[in-house]
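Let's take a friendly tour of the disulfides in this model. Have the viewer ready, and we will go through them one by one.

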Amino acid sequence: MFLALGLAGHVGRGFEWRLNELQRVLVSTADRSPMREDCHYVRNSTFDAQTSCEYFGESADVAIYGNSHGVELAYAVAEELRRSNRSLFHFTISGCAVGFRQDIEKYCSVFYEDRLRFLHDNQRVRNVILTFRAEHSGSETARSLVELANYLLENGKNVIVVLQAPTLEGDITPYLRQAFHSGKSNIRARSVANWRELNDHVYASLQDLNPGVKIFDLADHFCESDLCYAIRDSQAMYYDDDHISVSGARRVAADIVRLLE
């Protein structure tokens with residue numbers, strides 16, 4: 001009901017009361033992580049790596065390290081890890097690009113340096129999943145991501161670079177409305193060609209990755225043929241215009257876990 005009420009704010013007062021049960025289920029899939037507020041680092045946060053969230057246990061051998069675009073993925077991957085009694089550290093921050101070996105805002109650098117020290121010193125954490133949005137940050141940021149991945153690999157980590165899902169060209173709400181009106185279970189959005197063009201510098205930078213670094217491109221899973229999905233199989237892949245939903249993240253979680261050691 002909360003998400004339906006949120007949707008009503010976009011499409012008109014009283015809209016939520018006109019949703020049928022199938023439509024309510026669809027709206028519910030445009031879901032944020034239930035741990036976003038507690039575990040994602042923002043401007044007024046004070047917790048360090050030692051006191052960061054660890055899903056769902058006390059002997060994590062996996063960490064997700066990135067910005068806000070990794071929050072829902074962290075939760076979905078942790079759910080998948082729980083099936084085999086494994087757990088995950090959640091290290092994500094709002095409003096920061098990669099910034100590895102760059103002059104960046106102190107708020108960002110303090111967070112990143114603390115988490116990198118933790119990963120360097122904690123031999124139990126063998127796997128690091130890097131997840132940053134980078135298409136609007138320029139080639140220098142893309143190179144920084146590559147340098148970070150190579151650094152972690154050289155320090156004995158199994159590194160998976162998750163390339164971000166194609167952003168929508170607007171909020172998820174119009175796509176939900178389109179699904180309601182058409183009755184279709186699949187609603188497409190941005191073209192693959194357009195997304196590749198926006199990310200030319202990101203894809204070009206990957207040639208400098210150490211061959212041992214693994215790449216997981218969300219576009220391969222959120223797109224098909226020449227178009228990418230906003231809604232697929234009656235599930236919203238995003239909860240806004242550029243953050244994937246938990247439902248979207250769950251579609252790829254098992255594939256990412258298979259890349260872990």
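## The right-handed link

The link of cysteine 223 and cysteine 228 is right-handed, with 85 degrees about the S-S bond. This disulfide (a pair of cysteine sulfur atoms within 2.5 Å) has an S to S distance of 2.0 Å. Cysteine 223 and cysteine 228 are both buried, where buried means under 20% relative accessible area, exposed over 50% and partly exposed in between, using a 1.4 Å probe and protein chains only.

## About the model

You are looking at a predicted model, in which local features need pLDDT of at least 70 and side-chain atom pairs count only at pLDDT 80 or more, while totals for chains, interfaces and linings use all residues. Residues are numbered from 1 along each chain as its sequence is written, and side-chain values use heavy atoms, leaving out hydrogens and water.

Cysteine 39 sits in helix α3 (residues 36-39) and cysteine 53 in the loop between α3 and β1 (54-55), so the pair ties together parts 14 residues apart in sequence. Helices (H or I, at least four residues) and strands (E, at least two) are DSSP runs, numbered from the N terminus. Cysteine 39 is buried at 1% relative accessibility, and cysteine 53 is buried at 17%.

The link of cysteine 96 and cysteine 108 is left-handed too, with -85 degrees about the S-S bond. Cysteine 96 lies in the loop between β3 (88-93) and α5 (106-121), and cysteine 108 in helix α5, 12 residues apart.

## The overall pattern

The structure holds 3 disulfides. With the bonded cysteines numbered in sequence order, they pair 1-2, 3-4, 5-6.
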